[in-house]
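Dear colleague,

Please find the structure below, handed over for your records. My findings follow it.

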Amino acid sequence: MNRNQPQECAVFGIDIGKNLFHVVGLDCSGAIIQRVKFRRETLLQFFELAHRTLVGMEACPGS
């Protein structure tokens, strides 16, 4: 499986930066099952392929 293809996760967490986005996928027990980084232009492509699920976001003041 391609590392940048979304896995079936219970929750995705996103740390939003100016240009780089860190995405972490968690299973139902809270264990990390996927970690990926994206540039701004490719983040939406990742989530277009993902199953519908909860997404939590964290942003710094400069993002």
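Helices (H or I, at least four residues) and strands (E, at least two) are DSSP runs, numbered from the N terminus. This is a predicted model, in which local features need pLDDT of at least 70 and side-chain atom pairs count only at pLDDT 80 or more, while totals for chains, interfaces and linings use all residues. Residues are numbered from 1 along each chain as its sequence is written, and side-chain values use heavy atoms, with hydrogens and water left out.

Methionine 57 belongs to strand E4, residues 54–59. The residue is exposed, at a relative accessible area of 62% (exposed is over 50%, with a 1.4 Å probe and protein chains only). Beyond its neighbours within four places in sequence, methionine 57 is in contact with Ile14 and Ile16, where contact means heavy atoms within 4.5 Å. Valine 11 is 46 residues from methionine 57 in sequence, and their C-alpha atoms are 11 Å apart.

As to the sheet, four strands form an open arrangement in the order E3-E2-E1-E4, with mixed pairing; two strands pair if DSSP finds at least two bridges between them. Strand E3 (32–39) and E4 are at the edges with a single partner strand each, so one side of each has no neighbour in the sheet. On average, neighbouring strands are turned by 20 degrees against each other, direction ignored; axes are lines fitted to C-alpha atoms, for helices over the stretch in contact, and angles run from 0 to 180 degrees between N-to-C directions.

Strands E2 (residues 20–26) and E3 run antiparallel and are joined by seven bridges. Valine 23 is opposite valine 36 in E3.

Finally, helix H1 (residues 40–49) lies across E1 (11–16), E2, E3 and E4, at about 140 degrees to E3.

Notes. Buried < 20%, exposed > 50% of the residue type's maximum accessible area, 1.4 Å probe, protein only.
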